[in-house]
Amino acid sequence: MGPQGAGKGTQAQMLAERHGLPIVATGDMLREIALTDTPLALQVRAVQAAGQLVSDDILAEVVKARLCKNDCTDGCILDGFPRTLPQAKLLERIAQERGNRIFVIRIYVPRELLFKRLAGRRTCTVCGSIYHMDFKPPKQEGVCDLDGQPLFTRSDDNEEAIQQRLALYDEMTKPLFDYYGQTNRLYKVDGTVAPEEVFKQIEEIVKRESNQAGESRGMSEE
Ligand code: AMP
């Protein structure tokens, strides 16, 4: 978890590669829905472009359907979900039913840096790889290094929508840190350093959590 521009997408990609887990990124899933020719698409397009949150009911449908797929049996990396308390409670129920544990990694980045990052962000239209015009430019302008497909600027990466998204993050998502902190499932990493350095901090946490999971499995088998 972290505000827009904290590097959640980049870290999720690195984690997925290292651990072979699927990424469930609700923002990407909703952007895909927005491309379809349905009444839901119209609604999602407008909400996303304005930097608002899509309703918890829509999220519940989308996330439940995705987490029930077989590739999520051994867990997954959630990016952009949960963002509200009702979403966190829904996730709790799904995880309980499926026997999965939840832990949260908070990527902390100060506000000034977030604006710089979001304003220069470009994403591959096909594989979703993330670039930055100053910090991580593609080899050829406007083209993805990995698959040669065009890059795009997200409709919600404009100043007004960025302000709106960060305000919503403060109001709706930050309270979740207390929710997870109170049950000892919250870790914090410094997101201002290079992506590889952020990843090292995350890997330490994942190792610690895996060890704990192993220990509690061992205890229940004794
Ligand atoms: P993201 O790519 O995670 O920054 O999400 C882009 C946009 O999708 C957000 O600004 C929201 O409009 C919508 N969205 C993504 N995830 C959620 C969520 N968990 N709850 C509500 N809206 C979401």
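What span should the 14 residues of helix H5 (residues 85–98) have at 1.5 Å a residue? They should span 20 Å, and the end C-alpha atoms of H5 are 20 Å apart, which agrees. The model is predicted: local features need pLDDT of at least 70, side-chain atom pairs count only at pLDDT 80 or more, and totals for chains, interfaces and linings use all residues. Residues are numbered from 1 along each chain as its sequence is written, and side-chain values use heavy atoms, with hydrogens and water left out.

**View 1. Helix H5 and its buried residues.** Helices (H or I, at least four residues) and strands (E, at least two) are DSSP runs, numbered from the N terminus; the expected span of a helix is 1.5 Å times one less than its number of residues. Gln-87, Ala-88, Leu-90, Leu-91, Ile-94 and Ala-95 are buried (under 20% relative accessible area; exposed is over 50%, partly exposed in between; 1.4 Å probe, protein chains only). Seen down the axis of H5, these residues fall within an arc of 160°, so they line one face of the helix (the arc is that of the directions from the helix axis to the C-beta atoms). They pack against helix H4 (56–67), strand S2 (77–79) and helix H8 (175–181), where contact means heavy atoms within 4.5 Å. On the other side, Gln-96 and Glu-97 are exposed. Gly-99, with a positive phi near 70°, follows H5.

View 2. In the side chain of Arg-154, an N or O atom is 2.9 Å from a ligand oxygen atom.

**View 3. Helix H7 (residues 159–173).** H7 has 15 residues and reaches 20 Å from first to last C-alpha, close to the expected 21 Å. Its buried residues, including Ile-162, Leu-166 and Tyr-169, fall within an arc of 160° and so line one face of the helix. Glu-159, Glu-160 and Glu-171 are exposed on the other side.

**View 4. Cysteines without a disulfide.** The whole structure holds zero disulfides (pairs of cysteine sulfur atoms within 2.5 Å). The sulfur of buried Cys-144 is 3.8 Å from that of Cys-127, its closest, too far for a bond.

Note on methods
Polar contact = N/O pair within 3.5 Å; in protein donor to acceptor, adjacent residues only side chain to side chain.
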